[in-house]
Amino acid sequence: MGKDTIANLITSIRNADMTRKETVRIPSTNITENIVKILLREGFIENVRKQLKNNQNFLVLTLRHKRNRKGPFKSFLNLKQISRPGLRIYSNYQKIPRILGGMGVVILSTSRGIMTDREARLEKMGGEILCYIW
């Protein structure tokens, strides 16, 4: 695993979703825990539990899949990392982008912690744009 924990989280969830896995295990850090709490609160994942293995903490996520028996499988969760270690993207609260006209979620890192775009607009807080989810 590399140093970019957000990219590892997004890639692990995306790969597990594309292969229709029920659960995915990711290393637990403060940033990943906060992002996973937002994913759970917004309804993109079903359940989260902590697991201790070999003195390391892991988060075990239960993914939510669209079950369409008549057609082909379609991915339910779309994630895109925006800010990365080589290029940080910041925005004030007035210029936070709206994903799918407000249907998607933008996750930001602000001075008051990690929050969604709706919460940041209500508190009039800008910050670093971490990722888009739709």
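Let me begin with a definition: patches here are made of residues with over 30% relative accessible area and no salt bridge, where like charges are joined within 9 Å and nonpolar side chains (Val, Leu, Ile, Met, Phe, Trp, Tyr) within 5 Å. Accessible areas come from the Shrake-Rupley method with a 1.4 Å probe, and for residues only the protein chains shown count as cover. A salt bridge, in turn, is a side-chain nitrogen of Lys or Arg within 4 Å of a carboxyl oxygen of Asp or Glu.

Some housekeeping before we look. This is a predicted model, so local features need pLDDT of at least 70 and side-chain atom pairs count only at pLDDT 80 or more, while totals for chains, interfaces and linings use all residues. Residues are numbered from 1 along each chain as its sequence is written, and side-chain values use heavy atoms, with hydrogens and water left out.

Now the patch itself. Leu100, Met103 and Trp134 make up a nonpolar surface patch with about 360 Å² of accessible area together. Tryptophan 134 sits in the segment after β8 (127–133); helices (H or I, at least four residues) and strands (E, at least two) are DSSP runs, numbered from the N terminus. With a relative accessibility of 34%, tryptophan 134 is partly exposed, a class that lies between buried, under 20%, and exposed, over 50% (1.4 Å probe, protein chains only).

On to the sheet. In what order do the three strands of the open sheet stand? The order is β1-β3-β2, with antiparallel pairing. β1 (23–27) and β2 are at the edges with a single partner strand each, so one side of each has no neighbour in the sheet. Two strands pair, by the way, if DSSP finds at least two bridges between them. Five bridges join β1 to β3, and threonine 23 has threonine 62 as its bridge partner in β3. β2 (residues 45–53) and β3 (residues 56–63) pair over eight bridges, with arginine 49 opposite valine 60.

For those of you who like torsions, the hairpin of β2 and β3 has two residues between the strands, and asparagine 54 takes a positive phi near 55° there. Asparagine 55 has a positive phi too, near 60°, and is exposed at 74% relative accessibility. Most residues other than glycine have a negative phi. Lysine 124, in the loop between α3 (117–123) and β8, also has a positive phi, near 55°.

Next, helix α2 (residues 30–42). Its 13 residues should span 18 Å at 1.5 Å a residue, and the end C-alpha atoms are 19 Å apart, which agrees; the expected span is 1.5 Å times one less than the number of residues. Buried in α2 are Thr32, Glu33, Ile35, Val36, Ile38 and Leu39.

Finally, how many salt bridges does a search of the whole structure find? There are six. One of them joins glutamate 42 and arginine 118 at 3.3 Å, N to O. That pair links helix α2 to helix α3, 76 residues apart. Another joins glutamate 128 and arginine 88 at 3.1 Å. Glutamate 128 is in strand β8 and arginine 88 in the loop between β4 (79–81) and β5 (90–91), so parts 40 residues apart in sequence are tied together. Glutamate 128 is buried at 12% relative accessible area, whereas arginine 88 is partly exposed at 44%.
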